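Colleague: Could we go through this model together, slowly? I would like to know what stands behind each term.

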Amino acid sequence: MVRDDEQVDSMEIDEKKQQQLEAPTAVPEGFNTDYLRVYYGKLFPYGDFFKWLCYGNDGKHPGCDQSYVGRREFSFTLENDIYLRFQSFDSATELESSIKEKCPFKIDIGPVYSVDPSKRHAYAQSGNNVFVPVERELIFDIDISDYDDVRYCCSGADVCLDCWPLMTIAIKILNTSLRDDFGFSHILWVYSGRRGVHCWVCDSRARKLSNEQRAAIADYFRVYKGGENALKKVSLAGPVLHPFLAQSYMDVLKTFFEDRLLLSQQLFSSEERCQKILDLILMKGLRRCVEEIVFSYTYPRLDMEVSKHMNHLLKAPFCIHPKTGRVCVPIDPSNCDDFDPAAVPTLSQLLGELNATGFQSDSDNSLERTSLGKSISFFRTSFLHPLLKACKEELESAYNAKLQQSKNSLNW
Ligand SMILES: [Zn+2]
């Protein structure tokens, strides 16, 4: 499903020709600066995107921290792998004009620093080293290529509808636990554009976690202890399963393993594959072995380093993946079974849709007329609006508490 341009087989080329004949507005598949310019010019949702990262600090309320969003690092990767780290923007307009001018192949989001990252050298010269990350969403990065030892349909960056459900399972397990066990509610899931998913936990409590606290949360989810040579990658310790693991097993993993994975990956179809499962049993004895096999094959495998450190960069939602041309669209965790990476709009598809509507002059509506429209409106209504409402409430109560405090101290 995901492959480089040169591997497109002749049947597909015929199909493409056919499409082009039928639809005069079709745009050839591809990823290049010209396409990106149109995307950044007409479709990228600057307003919603920037609003998200302001976390309510862009309003008129006296409790707003006007410097907040300008201390956030953006990193652009330009054509030819030129990296522009430590970019910062005070307004959506500034961000928009910089993206349009530089036309980045990739946009990454870093932490909020103690000072404006673009002016960090000036602060360094002042003698006191005050340039440190102070806030960052709790993030998770899950990549299908980390499951190569348990999927037989694809390997590396390739993914198909037989192995993609492993990502769906990861979303379900993490999303449930982040909500139920940790009490987070503003969680954004994003398709990475090719072979995995990203998770952004945006509650203010999550953004303020220290590196140590992040590491502890990442460890909480860590069951899979990969490594090339470790034969047994999952080891469930203790006399009973941790309630979170027990629930994951009963609610999600067991059924998925028995009803889907066994068949889709044909886990017993060869001696070698059977042996792999037998090895897991022989090393432990029968106790717990069924659970351990299921966990080995299905449990989410996180890129731990991404979650542990505040200053890790993560690709921004609504970027385009250069290899697939697909948009990094949000995924609805409550309908993640329906998410099909092959159905995610590509850059050329979107340009074709723009062409079809004739590039009408009112650029504000360009978005709604394309298949990106429903991703943006999902982002807005399911994630952004509830988030901003919570931010506003927190901002007001923090401000009122501060007022009360200063009143109290005056009374002394
Ligand atoms: Zn596959």
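Colleague: Which residues have the most contacts inside the largest nonpolar core?

Modeller: Ala170, Val197 and Cys199 have the most contacts inside that core, which has 84 residues. A nonpolar core is a set of buried Ala, Val, Leu, Ile, Met, Phe, Trp, Tyr and Cys residues joined through C-beta atoms within 7 Å. Helix H6 (residues 165–180) gives the largest share, 8 residues.

Colleague: Why is the core said to lie between domain 1 and domain 2?

Modeller: Domain 1 (5–221 + 303–402) and domain 2 (227–299) both give residues to the core, so it lies between them. The domain bounds come from an automatic or database domain assignment.

Colleague: Before we go on, what kind of model is this?

Modeller: This is a predicted model, where local features need pLDDT of at least 70, side-chain atom pairs count only at pLDDT 80 or more, and totals for chains, interfaces and linings use all residues. Residues are numbered from 1 along each chain as its sequence is written.

Colleague: What is the mean pLDDT of the protein?

Modeller: The mean is 89, and 88% of the residues reach 70 or more. The term pLDDT stands for the predictor's confidence in each residue, from 0 to 100. Over residues 1–11, though, pLDDT stays under 50, and over residues 16–22 pLDDT also stays under 50. Where pLDDT is low, the predicted coordinates should not be read in detail.

Colleague: Which residues is valine 197 in contact with, leaving aside its neighbours within four places in sequence?

Modeller: Among them are Ile142, Met167, Ala170, Trp189 and Ile331. Two residues are in contact if their C-beta atoms, placed from the backbone, lie within 7 Å.

Colleague: How many helices and strands does the protein have?

Modeller: The protein has 14 helices and 9 strands. Both are DSSP runs, numbered from the N terminus: helices are H or I with at least four residues, and strands are E with at least two.

Colleague: Which residues are buried in helix H3 (residues 46–54)?

Modeller: Phe49, Trp52, Leu53 and Cys54 are buried there. The buried residues of H3 pack against strand E1 (72–78) and helix H14 (373–411). Tyrosine 55 follows H3, with a positive phi near 45°.

Colleague: In what order do the 4 strands of the open sheet stand?

Modeller: The order is E5-E7-E6-E9, with antiparallel pairing. Strand E5 (138–143) and strand E9 (330–331) each have a single partner strand, so one side of each is left without a neighbour in the sheet.

Colleague: How many bridges join E5 to strand E7 (residues 196–201)?

Modeller: 6 bridges join E5 to E7. Two strands pair if DSSP finds at least two bridges between them. E6 and E7 are joined by 5 bridges, and 2 bridges join E6 to E9. Cysteine 199 in E7 is the bridge partner of phenylalanine 140 and of tryptophan 189. Valine 190 stands opposite proline 330 in E9. In the hairpin of E6 and E7, 4 residues lie between the strands, and glycine 193 takes a positive phi near 100°.

Colleague: What makes E7 largely enclosed by the rest of the structure?

Modeller: 6 of the 6 residues of E7 are buried, so this strand is largely enclosed. Gly196, His198 and Trp200 lie on one side and Val197, Cys199 and Val201 on the other. In a regular strand the side chains alternate between the two faces of the sheet. Strand E6 (residues 187–191) is largely enclosed too, because 5 of its 5 residues are buried.

How values were computed: A residue is buried if 20 or more other C-beta atoms lie within 10 Å of its own, exposed if 12 or fewer, and partly exposed in between; C-beta atoms are placed from the backbone.
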